[in-house]
Amino acid sequence: MSAGTGRPGPFEHGHGKRDPVEAEVGAATREAEVGAATRAFVRRAQTLGVPVHADLYGAGIHDWPYWQRELHRALPQLLGAIR
């Protein structure tokens, strides 16, 4: 599980968006909502004893550069689980 806070992070500026302000506001709102739901899910899973790996990485919005970074971080664990 991974999520940011919706606050601007390292990938917000200069990656070719048509209207960066509008895109960032919507992405920040989505990530804040996703982040809150992810944190609640992780807490509940841990309470129930379900093993969960969480990277609640702080600043960052709901956008492709973060998804790509998180995929690269999670890929070794994902590949290990299916081997």
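Which charged end sits over the ring of tyrosine 57? That of arginine 69, 4.6 Å from the ring centre; a charge counts as over a ring if NZ of Lys or CZ of Arg is within 6 Å of the ring centre and within 35 degrees of the ring normal.

Some ground rules. This is a predicted model, where local features need pLDDT of at least 70, side-chain atom pairs count only at pLDDT 80 or more, and totals for chains, interfaces and linings use all residues. Residues are numbered from 1 along each chain as its sequence is written, and side-chain values use heavy atoms, with hydrogens and water left out.

The chain first. Two helices and two strands make up its secondary structure, in the order β-α-β-α from the N terminus. These are DSSP runs, helices being H or I of at least four residues and strands E of at least two, numbered from the N terminus. Of the 83 residues, 25% are buried, meaning under 20% relative accessible area; exposed means over 50%, and partly exposed is in between, with a 1.4 Å probe and protein chains only.

Now the rings. The structure has three aromatic pairs. Rings of Phe, Tyr and Trp (its six-membered ring) pair if their centres lie within 6.5 Å; planes under 30 degrees apart are stacked, over 60 edge-to-face, and the rest tilted. Tyrosine 57 and tyrosine 66 are stacked because their ring centres are 5.9 Å apart and their planes are at 5 degrees. Tyrosine 57 is buried at a relative accessible area of 19%, and tyrosine 66 is buried at 1%. Ring pairs also bring in Phe11, giving a cluster of Phe11, Tyr57 and Tyr66.

Tryptophan 64 and tryptophan 67 form an edge-to-face pair, 5.3 Å centre to centre with 75 degrees between the planes. They are three residues apart in helix 2, so about one helical turn separates them. Both tryptophan 64 and tryptophan 67 are exposed.

Last, the largest pocket, with a volume of about 460 Å³. A pocket is an open set of points on a 1 Å grid over the protein atoms alone, where a 1.4 Å probe fits, with protein on both sides within 12 Å along at least five of seven lines; lining residues have an atom within 4 Å of a point. The volume is the space filled by probe spheres set on the points. Of its 23 lining residues, the closest to the centre are Met1, Ser2, Trp67, Glu70 and Leu71. Helix 2 gives the most to this lining, nine residues.
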